[in-house]
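Student: I would like to learn how to read a model of two chains, feature by feature. Could you take me through one, giving the general idea before each case?

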Amino acid sequence: MERYIVVTVENASFDIYNNEKRYGKKVPLDDNFSDLTDESLSNRDYAEIVRCIKELSYTDQEILYLRINFGLKHNEIADTLHISNAAARKRLQSARENLIALLEKEEIYRE
Amino acid sequence: MNEFSILAKALGEVFEPQIDEFMQTVELKSDYVFSNKYKRKINKLIKRREKPYFKLICTTSRRIVCTAAAVIIILASALSVEAVCEAIHDFLMNIFKGHTAVFVSGTIEDYPTVIEEEYEIAHLPEGFEQIDYHADKLSVFAMYVNNDKYISFQQMVYDNFNVNFDNSHSEIEYYTDNQGQEYLVQDTGHSYCVTYNNGRYVIKIISNLDKYETIDLCKDTKIK
């Protein structure tokens, strides 16, 4: 069993390593995530961002987490969540829009 | 990921506690037993990975390249072995448990397919007389005797030569004379069978004379 886990982890590590090698250190996000880059969020309070994310639904948080933190592609997200590729793309777009809307709302309140 | 480090950090801070919470609710069964089929497959995969040449064959394309390389090497070595055999011996032997099959090396195009000229022993040892003679398109046979001594002479076309020697009661060896002519000598203990290829036909002489006397008879064969 131990050896099996070792082999599985080794394979997963190779996949991550190969992905990083192929795409460089940045995970390519073909969706429009330009509003959520470090540069765009640098003038915001970190607690404010956390608060906005907390307001998102579990589904939105989950899909953003898989995309941003794990760097999964649409088809990988689809496989992980057992949904279609199109549904994964749609959910991700919706989650991004919801987060941006919440951040904009926070900004208006702040001003 | 550096481009989204703030968002990633915030997402992790919010979402990871939820994952931890979820994981605590999942009951992990440590006594789960994998099926034998699954175990066999996993063991096979693990064993394959442990092989020193795994990196050479880990992908289909690499496997194809390795197979192709192996085939090329085998073909190349087979061809080179054939070349060495031809360079060394006029006769090739396939050794089996009870007998040795002997055939002439070279290609059939190099030899006449019928007897175009007959050969004979030019100088028979003193006292020998011919008691039998037979000739056809494919072979010539002559028998000489002198009391209890005998000499059997055979001339055969290349295509007709396919001999099996009894290797359990005799010894077979190659003998090459000073001129570089090669002879295949079978020693049965009471007689010698000397076979050689004169470049046109296969000559076989069987006699109960001495080994070197029998070989000398071969050297003494000439066109009639």
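**Reading the two chains**

Tutor: Chain B has five helices and twelve strands, and buried residues make up 31% of its 224 residues. Please keep in mind throughout that this is a predicted model.

Student: How many helices and strands does chain A have?

Tutor: Chain A has six helices and zero strands, so that, from the N terminus on, its elements read α-α-α-α-α-α. Of the 111 residues in chain A, 37% are buried.

Student: Let us turn to helix packing. At what angle do α4 of chain A and α1 of chain B pack, and how far apart are their axes?

Tutor: Helix α4 of chain A, residues 58-69, packs against helix α1 of chain B, residues 5-25, at an angle of about 125°, and their axes are 10 Å apart. An angle from 65 to 115 degrees would count as roughly perpendicular and one over 145 as roughly antiparallel, and α4(A) and α1(B) are therefore oblique to each other. The crossing of α4(A) and α1(B) is left-handed.

Student: Which residues meet there, and of what class are they?

Tutor: From α4(A) the residues in contact are A:Y58, A:Q61, A:E62, A:L64, A:Y65, A:I68 and A:N69, while α1(B) brings B:L7, B:A8, B:L11, B:G12, B:V14, B:F15, B:E16, B:Q18 and B:I19. Sorted by class, this contact of α4(A) with α1(B) has ten nonpolar, four polar and two charged residues.

Student: How does α3(A) pack with α1(B)?

Tutor: The angle between α3(A) and α1(B) is about 55°, with 9 Å between their axes, which makes α3(A) oblique to α1(B). Here the crossing is right-handed. On the side of α3(A) the contact is made by A:Y46, A:I49, A:V50, A:I53 and A:K54, and on the side of α1(B) by B:I6, B:L7, B:K9, B:A10, B:L11, B:E13 and B:V14. By class, the contact of α3(A) with α1(B) has nine nonpolar, no polar and three charged residues.

Student: How should I read a nonpolar core, and which residues have the most contacts inside the largest one?

Tutor: In soluble globular proteins, nonpolar side chains tend to be buried together. In this model the largest nonpolar core has 32 residues, and those with the most contacts inside it are A:I53, A:L64, A:L99 and B:L7. At least two residues of this core come from each of α3 (46-55), α4, α5 (74-81) and α6 (85-110) of chain A, and likewise from α1 of chain B. The largest share, seven residues, is supplied by α6(A).

Student: What does B:L7 touch?

Tutor: Not counting residues up to four places away in sequence, B:L7 touches A:L36, A:D38, A:L41, A:I53, A:I68 and A:L99. Apart from this core lies another, of 22 residues, among them B:I115, B:V140, B:I205 and B:C218.

Student: Is B:I205 buried or exposed, and where does it lie?

Tutor: B:I205 lies in strand β11 of chain B, residues 202-207, and B:I205 is buried, with a relative accessible area of 0%. Leaving aside neighbours within four places in sequence, B:I205 is in contact with residues including B:I121, B:I151, B:F153, B:Y192, B:V194, B:L217 and B:C218. B:I205 and B:C218 are 13 residues apart along the chain, and their C-alpha atoms are separated by 6.9 Å.

Key
Residues numbered from 1 in each chain as written. Chains lettered and ligands numbered in written order. Predicted model: local features only at pLDDT ≥ 70, side-chain atom pairs only at ≥ 80, totals over all residues. Heavy atoms only, no water. Axes fitted to C-alpha atoms, helices over the stretch in contact; angles between N-to-C directions. Helix = DSSP H or I, 4+ residues; strand = E, 2+ residues; numbered from the N terminus. Parallel < 35°, antiparallel > 145°, perpendicular 65-115°, else oblique. Left-handed = near helix turned anticlockwise from the far one by under 90°. Contact = heavy atoms within 4.5 Å. Nonpolar A, V, L, I, M, F, W, Y, C, P; charged D, E, K, R; others polar. Core = buried A, V, L, I, M, F, W, Y, C linked by side-chain atoms within 4.5 Å. Buried < 20%, exposed > 50% of the residue type's maximum accessible area, 1.4 Å probe, protein only.
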